[in-house]
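Here are my notes for your review. Please read them with the model open.

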Amino acid sequence: EDYPRIQLLASRAVTQWRQRFRGNIQLWRKLFKGERVVKEIIEGAPVLDATINIVENLPEGNEEKFTLIDLASGRGYISMILSEVLPPHKVEKIYLIDKAWPLSGTVDALPHQISWEHLYGNRPEEQGGGCYFKTWPIPLHTSKQDLKQRCTRRQLRRAIFDKCQGPVLILAVHLCGTLSLRAVEMFNDYPEKVKYLALKPCCLP
């Protein structure tokens, strides 16, 4: 009730997901579990609202695009919504960071890993074939990172922060315990690049 605009935008985003995955009912059933998606939208509404406002307020004509980093992303529902509703000319890409993603270059996820078929899988031929990756308005990139490991700070610097040309927004929803500390450290490590940290933990250390 507090975020009617987010309710509307999220509904439109879910409609776009359904259109994207039509013809692949098995994937759609794995991805879209109604109660879970609704829960993600409700709990992420303040972060979605603030992120959308920040991006929309970037002056037109600004050549620098935002990079979004979604920490402990899980399947990436928050990022998937933002990919559908944010203006692509203002956002370069979104990184989905989670230790449960498969390693880069892996074809299929192992049983204990998050399946990335909805991001990198192949579309049915009747939908024109190709890869789902190219169908997202703003590119969604996964990165397997364990935020509790100290070496992850160096890895993220090389893999993401050193490559970002524009401002960075960090989204940290559902972080547990010490993961919240890692998010704050990341924010403090890059004062010139990170313009916003949305921290909405489920518990604090």
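How many nonpolar, polar and charged residues make up the lining of the largest pocket? The lining has 6 nonpolar, 7 polar and 4 charged residues. In this count Ala, Val, Leu, Ile, Met, Phe, Trp, Tyr, Cys and Pro are nonpolar, Asp, Glu, Lys and Arg are charged, and the others, Gly among them, are polar.

1. Basis. This is a predicted model, where local features need pLDDT of at least 70, side-chain atom pairs count only at pLDDT 80 or more, and totals for chains, interfaces and linings use all residues. Residues are numbered from 1 along each chain as its sequence is written, and side-chain values use heavy atoms, with hydrogens and water left out.

2. The largest pocket. About 300 Å³ of space lies in it. Of its 17 lining residues, Pro102, Thr106, Val107, Trp116 and Tyr120 are the closest to the centre. A pocket here is an open set of points on a 1 Å grid over the protein atoms alone, where a 1.4 Å probe fits, with protein on both sides within 12 Å along at least five of seven lines; lining residues have an atom within 4 Å of a point. Grid points are joined across faces, edges and corners, and the volume is the space filled by probe spheres set on the points.

3. Lining by element. Helix α5 (117-120) and strand β3 each supply at least two lining residues. β3 gives the most, with 3 residues. Helices (H or I, at least four residues) and strands (E, at least two) are DSSP runs, numbered from the N terminus.

4. Thr142. This residue sits in strand β3 (residues 140-144). Thr142 counts as buried because its relative accessibility is 16%. The classes are buried under 20% relative accessible area, exposed over 50%, and partly exposed in between (1.4 Å probe, protein chains only). Leaving aside neighbours within four places in sequence, Thr142 is in contact with Leu96, Trp101, Trp116, Leu119 and Tyr120. Contact means heavy atoms within 4.5 Å.

5. Pairing of β4. Strand β4 (residues 168-173) runs parallel to β5 (residues 194-200), joined by 6 bridges. The chain goes from β4 through helix α7 (residues 178-189) to β5, a right-handed β-α-β crossover. Right-handed means that, with the strands pointing away from the viewer, the path from the first strand over the helix to the second runs clockwise. Val168 has Val194 as its bridge partner in β5, and Val173 has Lys200. β4 also pairs with β1 in the parallel sense, over 5 bridges. There, Leu68 stands opposite Leu169. Two strands pair if DSSP finds at least two bridges between them.

6. Helix α4. 8 of its 9 residues are buried, so α4 is largely enclosed by the rest of the structure. Among them are Tyr77, Met80 and Glu84.

7. Positive phi. Please check two loop residues. Ala72, in the loop between β1 (66-71) and α4 (77-85), has phi near 50°. His174, in the loop between β4 and α7, has a positive phi of about 70°. Most residues other than glycine have a negative phi. Ala72 is partly exposed at 27% relative accessibility, and His174 is partly exposed at 28%.
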